[in-house]
Amino acid sequence: MKPPYDYRLNKPFLTPIIDIIKENNRIKTFIFEYNPISEPVKINPGQFVMVWVPGSDEIPMSVSHIGKNSKISISVADVGETTHLMHQLKIGDKIGIRGPYGNWFTSQNGTAIVIGGGIGMASVLSIIQDLSNHKNDPIDIKIDKIICINGAKTKSELCFNKELQKILKENDSLEICTDDGSRGFKGFTTEKLKEILNKGKSNSITVYACGPEKMLKTVFQICEDHNKIPVQLNLERMMRCGFGICGLCALDPTGLLVCRDGPIFTNEILREITDFGKIHRDFSGKTYLI
Amino acid sequence: MLNELSCEISGIEFENPLILASGILGVAPSSIVRLSNAGIGGTTTKSIGPRTRFGFSNPSIIEIDDGSFLNSVGLANPGIEAFIPEIKEIKKKTNIPLIVSVFGDDPHIYAEVAKKSELAGADAIEINVSCPHAEVASIGLSAELTKKFTEQVKKAVNIPVFVKLTPNLANIIPIAKAAENGGADAIVAINTVRGLSLDIETGRPILSHGIGGLSGKAIRPIGVRCVYEIYPHVKIPIIGCGGISKWQDVLEYIYAGATAVQLGSIFSRGEEKINEILDGLHIFLKKHNISNLQELRGKSHDFDDELEVKPKFQN
């Protein structure tokens, strides 16, 4: 699904930060109101916004929480120049927001396996909430079970566990993985996924994931090997516009754009994308191997 | 290949007059393949310079009103060496004309990038002397420099050379003539118009560079006017560019004197726009029993003698 095109959402809207939550030593969640037009802006799980730090840069970021009264949040890992500047921001400081952009995760019947690798967890929080809502109130979509795999390099980099525990209900599960084994399962989220798939014999599984692209590529291969389990994977690329004209986020060989045809891609499309897990473009438009 | 929309520019045949404008979707070969599959007549790459250039930071492209955009990308590009394989790939995967847009620090560098593009397979070169928020803007403001740069590129290559002009001056005619005198095979008019957008709450310029180039619907009358003014003064074909979003806009440019047109900002609304525009043109031509769109070229000038020149006064 694609969002309706609305030109009014393609210019940054400066809005003050109303709360900041320190998730761990390198991740902060910034909460603000996004009401650039007279009517409420509908944001769906997995969609992204362009976030402008005036005086610095503007970067695409997934919306981590979609709240009431136009309140939304982004969760930012302090990993680069712009994200580092964002970490210095205080309540009341203004950031520019435009969007939302792209398609979104859609809850599917059956068992949901949701994987977040590092800060990728922020992008899947709202689909976990959506799945949980459907599970509690099964009108059109029936969710049997939510298995959440939350992975990080080490214990101190894990995030959102308390929040996940609150969202997840009986017979759901939260699997924690760290590369160094400092907490939970020692190993990658993908190894945990394999273990779960080899063990369980549930029908109609859907895998939702966001994280480093190499992880996503492995998730995809594992799912393809397990009778082509449907996936919804959230890809990330450099972009200038977010609405389909700069071309930096084009994927080979189909020319699909991460900003508009994605960022969530399913099996049929991922099978065709030769760039997937391999090639990105930098801000000049030059390709590089990831 | 001959059909009611086909046209020819300096020996290059276009199945239809819609060409991708430089700077939009013109960096990844896959994007160009996608537009080719969607029915576009030709494509122009992003402007390519001698070395990798990141341009200006974001925000660098915003939509300031319905269908009107302001950008200060700042000629970001991978550099010709990295772009050579991309040109080759585009040529391998498409069979429509490919125009490579080039720029550089001096005439020799323009020529060098153009030569390398030709060797990689470009069908034509477009010289960018008109990006309004980069160093090259000053070239396009001077007739002398425009001629000099055009001559240098013409000397270096054996394929047609188009010169893309800026609208950011009082009189575009001398620049168009200078390009023709320098040997240009066609003129592309216009590049973006200098513009500025400010945040309402804070007064702060929104683009990282402040002033940017306006494109889209807002500039169409400026583009049509420039083509209209240039047409009687040059013999070479004109490619109209600026703000085309529907088939009627294409006709306006053709009436003003354009042989073909370039589309850019409209692709924010998807590549389906190509077919919408082509269908509209086909229907119009059929309805008026016109065998080729080119019969309408310059038609607006039939009315030159009828235009009011002097305002009227009381008494």
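In the predicted model, strand β12 (residues 205-210) of chain A pairs in the parallel sense with strand β13 (residues 231-234) of chain A over 4 bridges. Within this pairing, Val207(A) has Val231(A) as its bridge partner in β13(A). β12(A) also pairs in the parallel sense with strand β8 (residues 110-117) of chain A, here over 6 bridges, and Cys210(A) in β12(A) is the bridge partner of Gly116(A). Strand β12 of chain A is mostly covered, since 6 of its 6 residues are buried. In a regular strand, the side chains alternate between the two faces of the sheet. In β12(A), Ile205(A), Val207(A) and Ala209(A) point one way, whereas Thr206(A), Tyr208(A) and Cys210(A) point the other way, and all of these residues are buried.

Charged side chains were examined next. Over all chains, the structure holds 29 salt bridges. One of them joins Glu157(A) to Arg26(A), with the closest N and O atoms 3.6 Å apart. Because Glu157(A) lies in the loop between β9 (143-152) and α3 (161-167) of chain A, while Arg26(A) lies in the loop between β1 (13-22) and β2 (27-33) of chain A, the pair ties together parts that are 131 residues apart in sequence. Arg26(A) is partly exposed, with a relative accessible area of 24%.

A salt bridge is also formed by Glu175(A) and Lys192(A), whose closest N and O atoms are 3.5 Å apart. Glu175(A) belongs to strand β10 (residues 173-178) of chain A and Lys192(A) to helix α4 (residues 189-199) of chain A, so that this pair ties together parts that are 17 residues apart in sequence. Glu175(A) counts as partly exposed at 21% relative accessibility, whereas Lys192(A), with a relative accessible area of 9%, is buried, because buried means under 20%.

In chain B, Asp105(B) forms a salt bridge with Arg51(B), the closest N and O atoms being 3.3 Å apart. Asp105(B) is found in the loop between β7 (98-102) and α3 (107-120) of chain B, and Arg51(B) in the loop between β4 (43-44) and β5 (61-65) of chain B, so parts that are 54 residues apart in sequence are tied together by the pair. At 46% relative accessibility, Asp105(B) counts as partly exposed. A network of salt bridges links Arg220(B), Lys246(B), Asp249(B) and Glu252(B).

Finally, Asp302(B), Asp304(B), Asp305(B) and Glu306(B) form a negative surface patch. Asp302(B) lies in the segment after α8 (272-287) of chain B and counts as exposed, at 55% relative accessibility.

Methods
Residues are numbered from 1 along each chain as its sequence is written. Chains are lettered from A and ligands numbered from 1 in the order in which they are written. This is a predicted model: local features need pLDDT of at least 70, side-chain atom pairs count only at pLDDT 80 or more; totals for chains, interfaces and linings use all residues. Side-chain values use heavy atoms; hydrogens and water are left out. Patches are made of residues with over 30% relative accessible area and no salt bridge: like charges are joined within 9 Å, nonpolar side chains (Val, Leu, Ile, Met, Phe, Trp, Tyr) within 5 Å. Accessible areas come from the Shrake-Rupley method with a 1.4 Å probe; for residues, only the protein chains shown count as cover. A salt bridge is a side-chain nitrogen of Lys or Arg within 4 Å of a carboxyl oxygen of Asp or Glu. Lys and Arg count as positive and Asp and Glu as negative; His and the chain ends are not counted. The place of a charge is taken as NZ of Lys, CZ of Arg, CG of Asp or CD of Glu. Helices (H or I, at least four residues) and strands (E, at least two) are DSSP runs, numbered from the N terminus. Buried means under 20% relative accessible area, exposed over 50%, partly exposed in between (1.4 Å probe, protein chains only). Two strands pair if DSSP finds at least two bridges between them.
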